[in-house]
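Hi everyone, thanks for making time this morning. I'd like to walk you through one protein, so please have a look at the screen.

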Amino acid sequence: MYQVLILITVITLVYLIARSARKPKANISEKSSEMVKCKNCDLNIPKSEAVQSGENWFCSEAHKD
Ligand SMILES: [Zn+2]
């Protein structure tokens, strides 16, 4: 009987650790999917794909100039 209780405790702990470990990852993916607007053509693109120049964002290197 004690073995079953230990097994349940271990499974619960593993589940909680896996759940808390997944949280920061979700935050990172939320950040990378943040949208910015190209200053040149007003196109909305994910920040991860955008080109930054100072405080301004651009959809590509070509629009940076
Ligand atoms: Zn653009």
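Let me start with a question: is H63 buried, partly exposed or exposed? With 17 other C-beta atoms within 10 Å, H63 is partly exposed. For the cut-offs, buried takes 20 or more other C-beta atoms within 10 Å of a residue's own, exposed takes 12 or fewer, and partly exposed is in between, with C-beta atoms placed from the backbone.

Before going on, a word on what you are looking at. This is a predicted model, so local features need pLDDT of at least 70 and side-chain atom pairs count only at pLDDT 80 or more, while totals for chains, interfaces and linings use all residues. Residues are numbered from 1 along each chain as its sequence is written.

Now the overall layout. The protein has two helices and four strands, and from the N terminus they run α-β-β-β-β-α. Helices (H or I, at least four residues) and strands (E, at least two) are DSSP runs, numbered from the N terminus. Of the 65 residues, 6% count as buried.

How confident is the predictor? Mean pLDDT, the predictor's confidence in each residue from 0 to 100, is 87 for the protein, and 85% of the residues reach 70 or more. Confidence is lowest in helix α1 (residues 2-32), with a mean of 81, and highest in strand β4 (residues 56-58), at 96.

Back to H63, then. H63 sits in helix α2 (residues 61-64). Setting aside neighbours within four places in sequence, H63 is in contact with C38, N40, C41 and F58; contact here means C-beta atoms, placed from the backbone, within 7 Å. H63 and K39 are 24 residues apart in sequence, and their C-alpha atoms are 8.2 Å apart in space. Across the protein, among contacts between residues at least 6 apart in sequence, 3% join residues at least 24 apart.

My next stop is K37, in strand β1. K37 is partly exposed, with 15 other C-beta atoms within 10 Å. Not counting residues up to four places away in sequence, K37 touches D42, N44 and W57. The C-alpha atoms of K37 and C59 are separated by 7.6 Å, and these two residues are 22 apart along the chain.

That brings us to D42, in the loop between β1 (35-37) and β2 (44-46). D42 has a positive phi of about 65°, although it is not a glycine. D42 is exposed, with 8 other C-beta atoms within 10 Å.

Technical notes:
Contact = placed C-beta atoms within 7 Å.
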